[in-house]
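Please keep the sequence and the 3D view side by side while reading.

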Amino acid sequence: VRSLYLDHYKPVFFIFDQFEELFIFGDKEERRQFIHIVKTLTESDLQCRMIFVLREEYMSWVTDFERFIPTFFSNRVRIEKMSHRNALEAIKGPCNIFNISLEEGFAESLLEKLSPGSEDVELTYLQVFLDKIFRLAIGFTPPSQGGKEGGSYPTPESKGGLSFSLLHLQKTGNVSDLLGNFLDDQISIMEDPESAMMVLKAFVSGKGTKRPASEQEAMDNIHSFGKEMTSEELKELIQSFVKLRVLRDKDDNDRYELRHDALAEKVYEKFSTAEKELLEIRQFIENSYQASLKRKILLNTDDLNYISNKDSLLNLNTELRGFLEESRLHQKAKMRTVRRLTFISAFAFLVLLSTIIITLVKRSRNSSSIFDAKASITQFTRPIDRLALAGSAWSIRNGEEAKEALLKAFDNILKNPGDDKGLIGLRQKYFMDYGHVSSPIQIAECSKDNRFIYYCTSDSIFIWMRNGLQYSHFVHGTSPVVYLLMSNDGEYIGAIKKDSILTVWDKDGKIKFTCKIGFNPLNTYQIFRFDPANRVIAISADNDADLLDINGKLLQSFDLHKGSVNAVDFSDDGKFIATAGNDSTINIWYHNSDLNCYLC
């Protein structure tokens, strides 16, 4: 560079066009060396300037230069895509300079035909269109079929001035034909036209539409068509088509795509029947595999018959081969299951037939038992007859009807033993008369340890022992009781009254404590509970839950619910507390003996 500068004493300019190829084809070491050379030149005393031209998709790749040359991006220009308006000038300006007249509306119609409804103009395709129209206008004769020579462009002056008309535009045909010819021309001048076309086929779907694909996906498709190609060859061909504006450069997912549907149509026309069939099968497998990743659905028998073992010709990747193998194994297992089910179904039919016969016999017996039970209750008056018939019903079937008949017959005997000494003995042994109370009984229960029967009237609570003797009787007040409960060991009894007052007495009627609580009227059964240690969990007045000792002292509050607590309960061993709220949640609290409290 120094020698060159001293020869001419003029600034030396290095212009790197298509600079993105350094990142596409160059390795890390090549990029490192290049950056070092650029840095050395820019820091020298030489009059040396550098211009880098690259596609903006690769701008981020150049950040490596900034680490060594901080001013690398200080002077840059972004070349915008040509707008519709500028494209009109690009058509009219050169025609004006070369004395080519344009029919009114020609330029606008050309752009509308090239990119309908779009503001962006693909300059490569505009060039192809104008070249075609120019040939028509000058009467250009294409070269002979026998060789590449022949055909020439007469100068406009030799024709006495040219004119581009709407008729010329009409004769150019549609975009598909024009781009197809352009594509054929470009492929024909490539070193290996067959490989070039094979690459383009990788970007066309089985329906002749554009199909985005990564380099690896394109390689898989090329192998499916029986063509061998190295990754470097593929990369070079892809970049060639990107430069020709046949392919769009890769997107955020590293996929390339044909720029125009018309190109896809023309490439699809180059497919052979066998290639189309293989392409359709490959796409079917790929689509089915993607669907299986989301819905876990394998190929069925019809799908596998459609593929018909042609997958061996497709050079599928590991994932697709595994998917096919799994589908085939699944269908084989399914066929074995069908055969097994057929055998089982036949066996099950025999079992079902036997079951029906047995069921009919049982139903007949059940009907007989129910008939005897009803007869015992409704048709016989003598106690011993009723008991005998109820016993007969029970011996036939231990059903609810027979049980009801036995209990009613036994209860009738206890109340009406008559003169039979045996029945009178039963009455003396089992019949307990707990005495008469002055007002109707509202709530009655049996203690958990079966030692007591307790109940309440409108103003009093009664506790009776199981042998029929009254243990205690005390007044609870004037407000009606909505819930009555005795502790597990029968030592204490609590009552919730309609005025939201909880009172706990010992079994002798001595008040242990009284407190204000809250409850949901729709659930009066789970307002409070005793645990085995005779602590009390109850819904508090502010609609949380409180744990109290037997004297009413607050031990712990539970307030994790977002709404009101509607129900509380203890586990049988007292280690857990459950609280349920109108926020549709249930909290379980565990007793921590070290902390002596409940943790959620």
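V504 stands opposite F513 in strand 14. The model is predicted, so local features need pLDDT of at least 70 and side-chain atom pairs count only at pLDDT 80 or more, while totals for chains, interfaces and linings use all residues. Residues are numbered from 1 along each chain as its sequence is written, and side-chain values use heavy atoms, with hydrogens and water left out.

Strand 13 (residues 501-506) and strand 14 run antiparallel and are joined by five bridges. Strands here are DSSP runs of E with at least two residues, helices are runs of H or I with at least four, and both are numbered from the N terminus. Two strands count as paired if DSSP finds at least two bridges between them.

Strand 19 is joined to strand 20 (residues 576-581) by five bridges, and A567 stands opposite A580 in strand 20. The two strands form a hairpin with five residues between them, and G574 in the turn has a positive phi of about 75°. Five of the six residues of strand 19 (residues 565-570) are buried, so this strand is largely enclosed by the rest of the structure. Buried means under 20% relative accessible area, exposed over 50%, and partly exposed in between, with a 1.4 Å probe and protein chains only. Strand 21 (residues 586-592) pairs with strand 22 over three bridges, and H591 has Y598 as its bridge partner in strand 22.

Next come the cores. A nonpolar core is a set of buried Ala, Val, Leu, Ile, Met, Phe, Trp, Tyr and Cys residues joined through side-chain atoms within 4.5 Å. The largest has 58 residues, and V199, L200, F203, F241 and L258 have the most contacts inside it. Helix 7 gives the most to this core, with seven residues. Apart from it lies another core, of 29 residues, which includes F452, Y483, L484 and F513.

I133 lies in helix 7 (residues 123-138). Is this residue buried or exposed? I133 is buried, with a relative accessible area of 0%. Leaving aside neighbours within four places in sequence, I133 is in contact (heavy atoms within 4.5 Å) with F106, L110, F164, H168, L169 and T172. T172 is 39 residues from I133 in sequence, yet their C-alpha atoms are 6.8 Å apart.

Finally, the axes of helix 18 (residues 400-415) and helix 19 (residues 421-430) come within 8 Å and cross at roughly 95°. The two helices are therefore roughly perpendicular to each other. Helix 18 contributes F410, I413, L414 and K415 to the contact, and helix 19 contributes L423, L426, R427 and Y430.

Terms used. Axes fitted to C-alpha atoms, helices over the stretch in contact; angles between N-to-C directions. Parallel < 35°, antiparallel > 145°, perpendicular 65-115°, else oblique.
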